[in-house]
Amino acid sequence: AAFLACIDRLVRKALAGDLQDRTEVLYVSPLKALGNDIQKNLEGPLGEILQMAGERGLLMPEIRTAVRTGDTLMHERRAMLKRPPHILVTTPESLYILLTAEKSRAILRDVETVIVDEIHAVADDKRGAHLSLSLERLEALANRAPARIGLSATQKPIELVAHFLTGSGRRDPVIVNVGHKRPMDIAIEVPASQLGPVASNEMWDEIYERISELVRQHRSTLVFVNTRRLAERVAHNLAERLGDEAVAAHHGSLSRKLRLNAERKLKNGEIRVLVATASLELGIDIGTVDLVCQLSSTRAIAVALQRVGRSGHWRGAIPKGRLFAMTRDELVECAALVRAIRQGDLDRLMIPDSP
């Protein structure tokens, strides 16, 4: 939705012969994995537009995109500075670096639109305060104040998040609210053993068996855990039951190559189950995931909605999630989560004042 207006503007310029080698659209996402998705989801449509123009005999230069994150290789960074892309996809931290170096500052002068995706994920913490500063630095640098577009499926109160995006002392932002509630198949899974203050080894075995059973019933499953160490442990135990070829892990400590490999295998249906931390919580397109399992409570309603919402990403599909309670405390928390989701509640974001 945010890109359509920008692409329309770029295509009109290209057809009129006014398209120059300069960056006009800046897209900021809190996740590296999302940046790669966005580039893929942009290059497909842009290639088709170019092809259609060619079929109609219209001369149109190519609209280029590039990703700049901590994963971007050195030669790609150099190429980007020599010939700036029309659409640049980046993270808050990489934007800060781009605004600091002289050569990369130069390519940001012509930015006309800034899109901040998954804005709820940064609004209430230090990353958000840091990003606000970068947006103001960009505004001071740009030839004219860029339009700011914020996107999120889970934010409350929406007015507060909108004002966080615009910054202080500016006119009120326009809010487009299509609601966040959609039908979901969500339930809690409890092991047969009695729940106590901590999970026993027997209980873990039951949980691995139950997840393996669910994995066999679905084409592809995403299992979310709350720590990187646990991601490795769960992946190892599931691989023992389902086979090494069927399971992969995904978290921030893995190398770029291993992460991209895991994402690719999930999208292509080469693995049955992917065990991930928050590294895959927000995203656009991770293929056709049928089921999301969450081990322990997510501690936030928005996180649970984002994670369960990773499944059922095709027309007419209903997201399906199973929360695994490991202790008595978690059972209470998971029950509260499910009830909040069914009532359409969201966590209230607390945005730091004058950080």
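Predicted model: local features only at pLDDT ≥ 70, side-chain atom pairs only at ≥ 80, totals over all residues.
For pairing I went by DSSP finding at least two bridges between two strands. Helices (H or I, at least four residues) and strands (E, at least two) are DSSP runs, numbered from the N terminus. Ala-66 has Leu-88 in β3 as its bridge partner.

Residues are numbered from 1 along each chain as its sequence is written, and side-chain values use heavy atoms, with hydrogens and water left out.

**The five-strand sheet**

Next I looked up the strand order. It reads β2-β3-β1-β4-β5, an open sheet of 5 strands with parallel pairing. β2 (65-68) and β5 (147-150) are the edge strands with a single partner each, so one side of each has no neighbour in the sheet. From one strand to the next, the twist averages 15°. My angles run from 0 to 180 degrees between N-to-C directions, with axes as lines fitted to C-alpha atoms, for helices over the stretch in contact.

Then I checked β1. It runs parallel to β3, joined by 4 bridges, and Val-25 has Ile-87 as its bridge partner there. β1 also pairs with β4 in the parallel sense over 4 bridges, with Leu-26 opposite Val-114. Which residues cover the two faces of β1? Val-25 and Tyr-27 sit on one side, Leu-26 and Val-28 on the other, and all are buried (under 20% relative accessible area; exposed is over 50%, partly exposed in between, with a 1.4 Å probe and protein chains only).

I also found helix α7 (residues 126-141) lying across β1, β4 (113-116) and β5, at about 175° to β4. Contact here means heavy atoms within 4.5 Å.

**Rings**

My search of the whole structure gave 2 aromatic pairs. The cut-off is ring centres within 6.5 Å for Phe, Tyr and Trp (its six-membered ring), with planes under 30 degrees apart stacked, over 60 edge-to-face and the rest tilted. Phe-3 and Tyr-27 have ring centres 5.3 Å apart and planes at 25°, so I logged the pair as stacked. Phe-3 is in helix α1 (residues 2-16) and Tyr-27 in strand β1 (residues 25-28), so the pair ties together parts that are 24 residues apart in sequence. Both Phe-3 and Tyr-27 are buried.

**Around β9**

I moved on to strand β9 (residues 273-276). Val-273 and Val-275 point one way, Leu-274 and Ala-276 the other, and all are buried. Strand β7 (residues 221-224) runs parallel to β9 with 4 bridges, and Phe-224 is partnered by Ala-276. Strand β8 (residues 247-250) also pairs with β9 in the parallel sense over 4 bridges, with Leu-274 as the bridge partner of Ala-248. The β-α-β crossover from β8 through helix α11 (residues 256-267) to β9 is right-handed, that is, clockwise from the first strand over the helix to the second with the strands pointing away from the viewer.

I spotted a cis peptide bond from Lys-156 to Pro-157, omega near -10°. Pro-157 is in the loop between β5 and α8 (158-166).

Arg-299 has phi near 70°, positive in a residue other than glycine. I place Arg-299 in the loop between β10 (291-295) and α12 (301-308), and at 65% relative accessibility it counts as exposed.
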